[in-house]
Amino acid sequence: MGYLLEDYNVCKGTLEEISRDSDNNVSMVPDADVEHSLINFDGVTKRICKKYRGGKLLASCDGYIVNNGTRYLIEFKNQSEGNLDKAILREKAFDSLSLLALNENITRQKLAENTVLIIVYNNENCERGKGSYDPSDSTDKLIGKMKGFANQRGVNVYPQKFGMEKYEGSFYKSVYTVDIKQFRQDFMKLLFDK
């Protein structure tokens, strides 16, 4: 039995396109290098939902890429961490993995063994509002130090935020919640080095 959407390449785009905040017409990662292309997972979701759900969309992450046998789902939010809607993030995490399981006919357990979720926010875009909070670099640094003492290295020193840790193990191999600076510094290599 085949895929619901056979060819992901019809939804391929550059990192600059995939990370675009259409409301503000700005790209979070201004990188148009075609070597840094990935699948527009919102586009994949729209195509599948149009055909099988009568157009009613599922929530979905922005990008999808497979590198060295690991699947990566990436959500870009051009908002500070204190302004993100945690319920929407959880919905995207669940629906994206569910759609991936359906389309690729893979069990949840198999996906949890080799799928990584990366949520990227932008702390430079901080607005005060009801229910928001100011980001704290010092807290992140403290958590990173503590993880370092526990022999965690590289991208594993970043704190998990927004209640996303519950998805690790049962849905995803790893879940990362990082600022755009951390994404550029550490995750670009992870995604695009061959």
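The following dialogue explains how to read several features of this predicted model.

Biologist: In which sense do β1 and β4 run, and how many bridges join them?

Modeller: β1 and β4 (residues 37–40) run antiparallel and are joined by three bridges.

Biologist: In which sense does β6 pair with β5, and in which sense with β7?

Modeller: The pairing of β5 with β6 is antiparallel and extends over five bridges. Within it, glycine 63 has isoleucine 74 of β6 as its bridge partner. The pairing of β6 with β7, by contrast, is parallel and extends over six bridges. There, tyrosine 72 stands opposite valine 116 in β7.

Biologist: How many of the residues of β6 are buried?

Modeller: Seven of its seven residues are buried, so that the strand is described as mostly covered. Both faces take part: Thr70, Tyr72, Ile74 and Phe76 are buried on one side, and Arg71, Leu73 and Glu75 are buried on the other.

Biologist: How is the packing of two helices described, and at what angle do α2 and α3 cross?

Modeller: Two packed helices are described by the angle between their axes and by the distance between those axes. The axes of α2 (residues 41–52) and α3 (residues 86–104) come within 11 Å and cross at roughly 60 degrees. The crossing of α2 past α3 is left-handed. Phe41, Thr45 and Ile48 of α2 make the contact with Ser96, Leu99, Leu100 and Asn103 of α3. Sorted by class, the contact of α2 with α3 has four nonpolar residues, three polar residues and no charged residues.

Biologist: Which aromatic residues form one cluster?

Modeller: The structure holds eight aromatic pairs. One of them joins phenylalanine 183 and phenylalanine 187 in a stacked arrangement, with 6.4 Å centre to centre and 5 degrees between the planes. Because these two residues are four residues apart in helix α6, phenylalanine 183 and phenylalanine 187 are separated by about one helical turn. Phenylalanine 183 is buried, with a relative accessible area of 0%, and phenylalanine 187 is likewise buried at 0%. Phe76, Tyr176, Phe183 and Phe187 form one aromatic cluster.

Biologist: Which value of phi does asparagine 68 have, and is this residue buried or exposed?

Modeller: Asparagine 68 has a positive phi of about 50 degrees, although it is not a glycine. Its place is the loop between β5 (63–67) and β6 (70–76). In this hairpin, two residues stand between the strands. Asparagine 68 counts as exposed because its relative accessibility is 63%, and the threshold for exposed is over 50%.

Biologist: Where does asparagine 25 lie?

Modeller: Asparagine 25 is in the loop between β2 (20–21) and β3 (26–27). Asparagine 25 has a positive phi of about 50 degrees and is not a glycine. With a relative accessible area of 60%, asparagine 25 is exposed.

Biologist: Finally, which residues does lysine 173 touch?

Modeller: Leaving aside residues up to four places away in sequence, lysine 173 touches Ala112, Glu113, Asn114, Thr115 and Glu168. Lysine 173 lies in the loop between α5 (137–149) and β8. Its relative accessible area is 46%, so lysine 173 is partly exposed. The C-alpha atoms of lysine 173 and threonine 70 are separated by 9.4 Å, although these residues are 103 residues apart along the chain.

Definitions and conventions: Residues numbered from 1 in each chain as written. Predicted model: local features only at pLDDT ≥ 70, side-chain atom pairs only at ≥ 80, totals over all residues. Heavy atoms only, no water. Axes fitted to C-alpha atoms, helices over the stretch in contact; angles between N-to-C directions. Left-handed = near helix turned anticlockwise from the far one by under 90°. Contact = heavy atoms within 4.5 Å. Nonpolar A, V, L, I, M, F, W, Y, C, P; charged D, E, K, R; others polar. Buried < 20%, exposed > 50% of the residue type's maximum accessible area, 1.4 Å probe, protein only. Pairing = 2+ DSSP bridges. Phe/Tyr/Trp six-rings, centres within 6.5 Å; stacked < 30°, edge-to-face > 60°.
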